[in-house]
Amino acid sequence: MIPAAGSDLGHFVPEILLLAAAGASMFGHLFVKKGGRRGAGYVALAGIGAAGLALALTPPSSSAFFAGHLAADAFALFFKAVVLVAGALAIILTFRFFDVEKSEPGEVYYLILLSIVGMTAAVSATDMVTTYITFELFSIPSYVLAGIFKKERRSAEAGIKYFFLGTLSSAVMLLGMAFVFGLTGSTGYAEAGPALAGANGLAALVAMSLFFVGLFFKAAFVPFHMWAPDVYEGAPTPMAIFLSTAPKAAVVAILMRAMTVLFGGYALEWSAILQAVALATMFWGNLAALTQKSLKRMLAYSSIAQAGYLAIGLAAWEGSDGMAVLFYVAVYVVMNAAAFGLILLIDGGGRFDESIEGLRGLVRRAPVAAASALVVLLALVGVPPTAGFMGKYFLFAAAVDRGLVFLAAAGALNSAISLFYYFRIGRAMFLEDVPPPPDSGRPQAGHVSRTVTVVLAVCATLLLLLGVLPSPLVSRAAAALLGR
Amino acid sequence: MNIFGIPILTFVTFFPVAGMVVILFLPGSRAKAIKIAANLFTGLELGATLLLLTRFNAASGDMQLVERLPWIKAIGAQYLLGVDGISLLLVLLTSLLTFVATLSSWQAVRKRLKEYYIFLLLLETGMVGVFLALDLLLFYVFWEVVLVPMYFLIGIWGGERRLYAAIKFFLYTLFGSVAMLVGILVLRSQYQTFDWLAMIAAGSVLPIVLQGWVFLAFFLGFAIKVPMFPFHTWLPDAHVEAPTAGSVILAGVLLKMGAYGFLRFSMPLLPEAARRYAPAMVTLALVAIVYGALVSLMQKDMKKLIAYSSVSHMGFIMLGLFVMTPMAAKGAVLQMINHGISTGALFLIVGVLYERRHNRLISEFGGLSSRMPAYAAVFLIMTMSSIGLPGLNGFIGEFMILMGTFPVSWLWTAVAATGIILGAGYMLWLYQRVMFGTLTNPANESLKDLTVREFATFLPLVVLAFWIGVFPKPFLAVIDKPVEKIIRIVNPAHFEAPR
């Protein structure tokens, strides 16, 4: 019995708009001779704006759509909004990037949109087949995005690496899904979940582990993170922003749905797995970041570590505690995008400086950008009064309430460790002076971008506001969980 | 009571932020305007905190002028401020020392004025908030807010090794405070609230083992801040590298935050654990007293000497708190104020010389009293205050701590008293080497005595030193009830025992 699909489409207007914008962007890029590439970007950004508007007007619904393959509940809508924010930030910073790089591969814009469509559908998926297809839908464009500068070695390497490891891990995930299907005879979460709870425990655990491997890979959880530093470092910076934020948000949504509905009978087991993952990811990410010299690579490790804090919340998740995860995902996207944006702030000689030294004495040259960046760094460390602190607080509180005090303590310890490398940036910006022009070949006292300054300032304001008054986001996150 | 329609505790907490905004919009080239604005705002803030006195009822040991607003409903965190006698004195100390520090920066700070005063004002908001917050999460927020401006004060306007000292300070204290955060989380999961008043009303509900863990978590946060032996190693670096105003506030107020934390949170909320760990705490305090004093004797740098003397003096305060008698605890609270006054003044005194000579080595000076008589007098008074000469503030505090300790253990009293003797040793020796003798170093020939502005910075501190020394009653009256209330919770046996 298949219900009328027409009425179902009403709940997926954002996706339709994104697809339309992707098409328009693609044709603009192909056929408009003059300014078509930037035009494609504006179309893409407008598409995200329209989708955001449509999303705000879409009422959450608790019913299943398309024969139980998709949900349009408040939970999905929350993550869709997060993904859209990540996409918009990436596109705006892409403009800045191409302004300096001179060449502008306009495919980027609709590839980002297509990837976003995949994610918005993936966070809605309630059936393993749909989950897999949407997962691939957002993954494949992201491989291309990582390698978009195919003539540049680093970028090409990032693309290839991401592609091979990515397909391998999704194949493993598919195997896990096949196990679930074999054990239960159905692909829908709602039907397979209860059947799985009564099935052979060991086989179910194998299925779950395989399923999770694909997701852990995409979220760059340790020990499935090996690709991440190279890809984030090698990919053009705006692509790194996109790849390090949006897919993680989508994966968290898929995980949370799978953990409760599909593997609800194995809560103890997945909690144990995620506890181990959280510990490994936080410590590995933070300790590795300590030793980095390149700003970009350091931020790559930082984004791994940040995912570790999220894993705390996932491990401790039961019922309403999950609000912490949702809150932190949203905050993480803003923090991480802004931090990577710092790389794009200064250009000199037609390129960007990816070293920390390049930011020396920034406060003298660009006080607004420096102050905003400081807020972002404090948020990443988790120092109040920023949203980063509130997010970490909620995560740690969830752990303590579930009796996982050691996870909270490890998270707190990691925050203190992370201060050391994050504040190498703060030190360069505020405490060190602009170096005298040496023959280092480094662009000296480059030009400070206004676009990036505005992005940083907006992100910093948001992080401060949500740090002082987190209630609006908290209540949305809590509502998203209740409506699931 | 309201000021401009704003409840007074909120007003005194956030008034410096208003100053920050004003300075933010002043053009950076108008140095004088920035200085005047900063001094005006810290001065008005001092006035506003003094206004608190008119509404404060010293006869009550309860939290007063409580302000309560919902903050984060989902987790039950509130915007909850309140003041009792202990908080009141510490807030007054904060606003006084911040004003003094601002005034003392007039000549000393020459670069990046705008940022400097913005950080100073932000620091003040954080410190006042720490002493007024009664919601544990809010307390934590203010506690952390203090770190950032202090990091920059040391890191930008500090001495040679400022980068190292700044990050060491930040890392050390952040490490302690995240441990404290975990403790707060555990407390909240047990009490289902962050509300200090409600926790006190509910009484001690934590099982003893859990109390011990939370006490340890809080211990890391507070002991690093105090700093207690063996967590004191950040302090000499931070003090030596910080600009004068930074040292004044660091020693005068920031260290007190740690002691305050023990008194306000660790002791009444975790009474069984506090009692259990009291001997260990006392031991660490005694080690700090003697060790700090011995290390002070060895120092060549005046600022480092005073920094180590702070370790010793803070040991006294911790001893007073963890002996857990009302007399010793009251002495400890009074000594917090005294140490703020005398050590703050001593850092200013070193700063005066440093401004003139850009040198702090004791061996560079000698015989200054003939060139700088007013300076010599102020230095002498503060030296005596630090030693604990009767008639000056230090005596009252130390004497009360010893008096409160004696009935508990004569041995602890004896060890602590050694610290006083050693203290007299290093301070008098310092004074002798710097001020007496013949002036041999030609660089010191032309040293100017205190200017009027400098004298004005010292005046309130000197007056207070004498006031507390001669007539401490008003100060003791304010802290009498609240301290006794806390001691009754943490050590009820003291009040039951026949005397």
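**Stop 1. Confidence in chain A**

Chain A has a mean pLDDT of 88, with 95% of its residues at 70 or more. Select residues 5-9 of chain A, which form helix 1; confidence in chain A is lowest here, at a mean of 67. Then select residues 323-341, helix 14 of chain A, where confidence is highest, at 94. Where pLDDT is low, the predicted coordinates should not be read in detail.

**Stop 2. The two domains of chain A**

Colour residues 1-262 of chain A as domain 1, and residues 266-435 together with 443-484 as domain 2. The centres of these domains, taken over C-alpha atoms, are separated by 22 Å. Their contact draws 43 residues from domain 1 of chain A and 46 residues from domain 2 of chain A.

On the domain 1 side, select helix 4 (74-101), helix 9 (201-218), helix 10 (227-234) and helix 11 (237-262) of chain A, the elements that give two or more residues to this side. Which helix of chain A gives the most to the side of domain 1 that touches domain 2? Helix 4 of chain A does, with 13 residues. By residue class, the domain 1 side comprises 33 nonpolar, five polar and five charged residues.

**Stop 3. Helices 5 and 6 of chain A**

Within chain A, select residues 107-122 (helix 5) and residues 128-146 (helix 6). Their axes lie 8 Å apart, and the packing angle is about 160°. Helix 5 of chain A is therefore roughly antiparallel to helix 6 of chain A. The crossing of these two helices of chain A is left-handed.

Show side chains along the contact. Helix 5 of chain A contributes residues including Val108(A), Leu111(A), Ile112(A) and Met119(A). Among the residues that helix 6 of chain A brings to meet helix 5 are Phe135(A), Leu137(A), Phe138(A) and Pro141(A). The residues of this contact divide into 14 nonpolar, five polar and no charged.

**Stop 4. Backbone sites in chain A**

Move to the loop between helix 9 and helix 10 of chain A and select Ala220(A). Although Ala220(A) is not a glycine, its phi is positive, at about 55°.

Next, find the loop between helix 16 (367-381) and helix 17 of chain A, where Pro385(A) is placed. The peptide bond joining Pro384(A) and Pro385(A) is cis, with omega about 0°.

**Stop 5. A cis peptide bond in chain B**

Now turn to chain B, and select the loop between helix 9 (208-225) and helix 10 (234-241), in which Pro227(B) lies. Val226(B) and Pro227(B) are joined by a cis peptide bond, with omega about -15°.

**Stop 6. Two helix pairs in chain B**

Select residues 271-298 (helix 12) and residues 302-323 (helix 13) of chain B; their axes come within 7 Å and cross at roughly 155°. Helix 12 of chain B is thus roughly antiparallel to helix 13 of chain B, and the crossing is left-handed. Among the residues meeting here are Met281(B), Val282(B) and Ile289(B) of helix 12 and Tyr308(B), Phe316(B) and Phe322(B) of helix 13 of chain B. This contact holds 18 nonpolar, five polar and no charged residues.

For the second pair, select residues 326-357 (helix 14) and residues 393-405 (helix 16) of chain B, whose axes come within 8 Å and cross at roughly 155°. That angle makes helix 14 of chain B roughly antiparallel to helix 16 of chain B. Their crossing is left-handed. Residues to display include Lys330(B), Gln335(B) and Asn338(B) from helix 14, and Asn393(B), Glu398(B) and Met400(B) from helix 16 of chain B. What is the division of this contact into nonpolar, polar and charged residues? The contact has nine nonpolar, nine polar and two charged residues.

**Stop 7. Where the chains meet**

Finally, display both chains: 26 residues of chain A are in contact with 25 residues of chain B. On chain A, select helix 17 (387-401), helix 18 (405-431) and helix 20 (471-482), the elements that give two or more residues to the side touching chain B. Helix 18 of chain A gives the most, with 13 residues. The side of chain A that touches chain B divides into 21 nonpolar, three polar and two charged residues.

Definitions and conventions. Residues are numbered from 1 along each chain as its sequence is written. Chains are lettered from A and ligands numbered from 1 in the order in which they are written. This is a predicted model: local features need pLDDT of at least 70, side-chain atom pairs count only at pLDDT 80 or more; totals for chains, interfaces and linings use all residues. Two residues are in contact if their C-beta atoms, placed from the backbone, lie within 7 Å. Helices (H or I, at least four residues) and strands (E, at least two) are DSSP runs, numbered from the N terminus. Ala, Val, Leu, Ile, Met, Phe, Trp, Tyr, Cys and Pro count as nonpolar, Asp, Glu, Lys and Arg as charged, and the others, Gly among them, as polar. Axes are lines fitted to C-alpha atoms, for helices over the stretch in contact, and angles run from 0 to 180 degrees between N-to-C directions. Angles under 35 degrees count as roughly parallel, over 145 as roughly antiparallel, 65 to 115 as roughly perpendicular and the rest as oblique. A crossing is left-handed if the near helix is turned anticlockwise from the far one by less than a right angle, and right-handed if clockwise. Domain bounds come from an automatic or database domain assignment. pLDDT is the predictor's confidence in each residue, from 0 to 100.
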